[in-house]
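Here's a quick briefing to read alongside the model.

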Amino acid sequence: MTNTTLINDATVPLLDIRDLTVEFATRRGTVQAVRNINISLAKGETLGIVGESGSGKSVTSYAVMRILDRAGRIAEGSVMFSGVDLRAMPESQMRDLRGREMSMIFQSPRLALNPIRKVGHQIEDVLMQHAQAGNDAVSEKAIEVLDQVRIARPRERYHAYPFELSGGMCQRVVIALALACRPQLLIADEPTTGLDVTTQKAVMDLVVELTRERGMSTILITHDLGLAAAYCNKVVVMEKGNVVETARSETIFRSPAHAYTRKLMRATPRPGISLRDLLPEDEAARAALIAETPVVVGEPPLLVVDKLVKEYARKDLATTMSKLFGKKPAVVPDAFRAVDGISFSIARGESVGLVGESGCGKSTTSMMVMRLIDKTSGSITFGGEDIGEIPARNFATLPQRKRIQMVFQDPTDSLNPRFTAARAIADPLLQLGGIGRGEVRSRCEELATQVGLPLDLLDRFPHQLSGGQKARVGIARAIALKPDLIILDEPTAALDVSVQAVVLNLLQDLKDSLGMSYLFVSHDLNVVRLLCDRVIVMRAGQIVEQGPTQRVMDAPEASYTRDLLSAIPHPPI
Amino acid sequence: MLATIGKRLVTVIPTLIGVVIVTFLLTRVLPGDPAVYFAGPAATPESIAEVRKSLGLDRPLPEQFLRYVSDLAHGNFGNSLSTGRPVITEIASRLPASAELTLLGLVLSIIIAVPLGILAAVKQGSWIDHTCRIVATAGVSLPVFFTGLLLVYVFYFQLGWSPAPVGRLDAFASTPPHITGFYLIDSLVTGNFESFRAAFAQLILPALTLCIFSLAPITRMTRASMLAVLASEFVRTARASGLDDRTVIITYAFRNAMLPVVTTLGMVFSFLLGANVLVEKVFAWPGIGSYAVEALLQSDFAPVQGFVLTMAVLYVALNLLIDILYGVIDPRVRLEG
């Protein structure tokens, strides 16, 4: 089908990247995103490329596929695929290779699919492009491909649009797209970021199974060392556009040679360590040991949530129409219970983890406790007062608002892009702080020092700050009013592991010095294990299990908790 | 789909009620007293009062309004005071002329602007992109009456390519039978190619005038929206699966980029309805725009009310059409409906 001769010889590596340098033209001149890297991948091998954001791992894969955006170009080096130089290949032949010989899976599966085209048709597009099926057989073939990625009822799903499928299902469709033409090389760029651990495991197992059964080579690009260790033969560690270490995965995790690899290894949350162990050795030594903050017993708990329920009415067209014409709906629609009668409490100075998979109701719970949405029934008692009775839209101006604050998931999206760091931190002070304008600046500086934000960054805008710095601004804003309870909604999910390590330690230190309580919402059990005294496991709006972190993690009672725990990939250390 | 349309139609009702009230009040608060105008320059206060009484203008406002509404309900838009003819027949005969002109202008504009916008986005920074920008800016910077006069000067006066800009047909062509009221369609349906050519020759210059005016928003929106979609992740997936450029740009990118373009089309159509008034004047086009302007200048409020009401209904219908188009393009909209 193509006139390129691919050498099919076991001694020739499938992919051989030599001295590859990729440059991007930016307003401030040329930037090298990848510098003289060498990566080689044999047939049937699985290679992990590990690194933090900005390490050039994605750019490397785009360069291999030659899908760099307009500003980027391969400046030096060669990319040999089955003995053929991809750099010298004309675009028309390159296009034949893409999807047929080499494919890619992207992160955020929902965005990777055309939102207004049926998934079956999207698979057909690829099959037709590479002449894998004729016009008459193509839809049967597409259904077969969907079936191969274990999509239940593929004949129905063929007609689904991406928005009608769950995240995990979308990722299966993306995998189906990539594997439809049985390529030799699969590049998976953070394929499970944003998916739940159990979904992550299912998706990764599927990829491994399919690629093994077809003798394919795989490159797995990830920031998650555990994931790379669990699924790869060989690991390449990248830092700032350079490959710093290449080794077999057993050796790299047992005896990392490069300092950066060691730092990365240390920063990865895992069982059996403390928060301080995440920090680089020299910093960990400097940081004080974590004093076991005694949870105040005897005193009434700070927050008591009792039989809390949140229902959403199921709206559909039939009921709307019949209402419109004054008829009673034929069947009374069921209300959907996002939170279904949960009870728990948080003591003063305690940090409680709320874990569960997406859709389990953990965010709805935190929003109700935060008094951003109203409950359907049940009570929320905070400091002896039933704040659940106060309507959410009145809550923002009440003095109680000061005592419950929140740190949001995405440090970028939760800051007003037109506010400087100082203005963002000052916002709650100006709204509720009751202090004069003159004092605001000094209080901001005090808070910045507390969260370890250099004072000269205070006048910068969010886009001029790094992810970790933005996270610090978000934390400073939350503690500005000296709250009693902070709700942390996946505060480190968008951060690199080394930054996450620092932020988690900061949160711990702040809690100890300010005597706050935390409700830590997360899907990352390893992080919860490090930060929380107690943990609540939720599923389908209900609490499956709650108890001291140690006990729940080491000897889970509910089978669901066991499933969650076993789905986490661990580095073999 | 039908349910969506039904629901949208229900929401149209309050809008129409509002329009009826506003058109009624608007003509009452406009300066100029129709009674004075129609009593003539030599009128005595008595004769003015008599005219006012015969027009029903001496009654209290609510009563006038009720009469207006019940007339509307019976399809009676009132009579024009200056011509004495019923407004409804006048509008019915003139509306197709305006609609044909506006639609042809819009279609021409879409045919030119959409591909230009796509090309400009695909070849961002190339000469096509710059040409596109210059053409669009120039088109929107020139007032329509000026573009119209310029076209007449060049193509009629200087080159002599087009017939005299007076009306929908020149004197020698026969008027096609009234089927849709659109001369182009009617003459084609009856196989009268002579009339078709004549009608087209008359139509092309005013339509071009409107087209030039509306190029800018459509090109710019197509370009911007294509650029955004081309940078999205599913386009990258499509490229990474080796799909050819045509499929990536048309099937993947353009269909997604169409939503904002369709919204813009709706807005452009309403601009064109406004611009029409001037273009009809320049080309002596027997449309409703020129009819309304003349009526307004004579404080002849029945035609003005009729005009505003017709425009409002047209606009509502247009918005409904756009909503339906949305549903056709984007399955997510269908779900919400």
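I425(A) sits in helix α16 of chain A, residues 421-433; helices here are DSSP runs of H or I with at least four residues, strands are runs of E with at least two, and both are numbered from the N terminus. This is a predicted model, where local features need pLDDT of at least 70, side-chain atom pairs count only at pLDDT 80 or more, and totals for chains, interfaces and linings use all residues. Residues are numbered from 1 along each chain as its sequence is written, while chains are lettered from A and ligands numbered from 1 in the order in which they are written.

**Around I425(A)**
- I425(A) counts as buried because 30 other C-beta atoms lie within 10 Å; the cut-offs are 20 or more for buried, 12 or fewer for exposed and partly exposed in between, with C-beta atoms placed from the backbone.
- Skipping its neighbours within four places in sequence, I425(A) is in contact with C444(A), L447(A), A448(A), V473(A), A476(A), R477(A) and A480(A); a contact means that the C-beta atoms, placed from the backbone, lie within 7 Å.
- L20(A) is 405 residues away from I425(A) along the chain, and their C-alpha atoms are 43 Å apart.

**Helix α4 of chain A**
- α4(A), residues 119-129, is mostly covered, with nine of its 11 residues buried.
- Among those buried residues are V119(A), I123(A), V126(A) and L127(A), and also E124(A) and D125(A).
- They pack against α5 (138-148), α6 (154-157) and α7 (167-179) of chain A, and against α11 (245-282) of chain B.
- Just past the end of α4(A), A131(A) has a positive phi of about 50 degrees.

**The sheet in chain A**
- Four strands make an open antiparallel sheet in the order β2-β1-β4-β5; strands count as paired if DSSP finds at least two bridges between them.
- β2 (29-41) and β5 (84-85) of chain A are the edge strands, each with a single partner, so one side of each has no neighbour in the sheet.
- β4(A), residues 72-81, is joined to β5(A) by two bridges and runs antiparallel to it.
- M80(A) is opposite D85(A) of β5(A).
- Helix α1 of chain A (57-65) packs on the sheet and touches β1 (15-26), β2 and β4 of chain A, with its direction at about 105 degrees to that of β1(A); axes are lines fitted to C-alpha atoms, for helices over the stretch in contact, and angles run from 0 to 180 degrees between N-to-C directions.

**Chain B on its own**
- Chain B has 14 helices and zero strands.
- Its C-alpha trace spans about 85 × 55 × 40 Å along the principal axes.
- Of the 337 residues in chain B, 36% are buried.
- Chain B splits into domain 1 (2-73) and domain 2 (95-336), with bounds from an automatic or database domain assignment.
- The contact between these domains takes 15 residues from domain 1 and 14 residues from domain 2.
- On the domain 1 side, α1(B) gives the most, with 11 residues.

**Where chain B meets chain A**
- The contact takes 20 residues from chain B and 28 residues from chain A.
- On the chain B side, α1, α10 (233-240), α11 and α14 (331-336) each supply at least two residues.
- α10(B) has the largest share of that side, six residues.

Conventions: Two residues are in contact if their C-beta atoms, placed from the backbone, lie within 7 Å.
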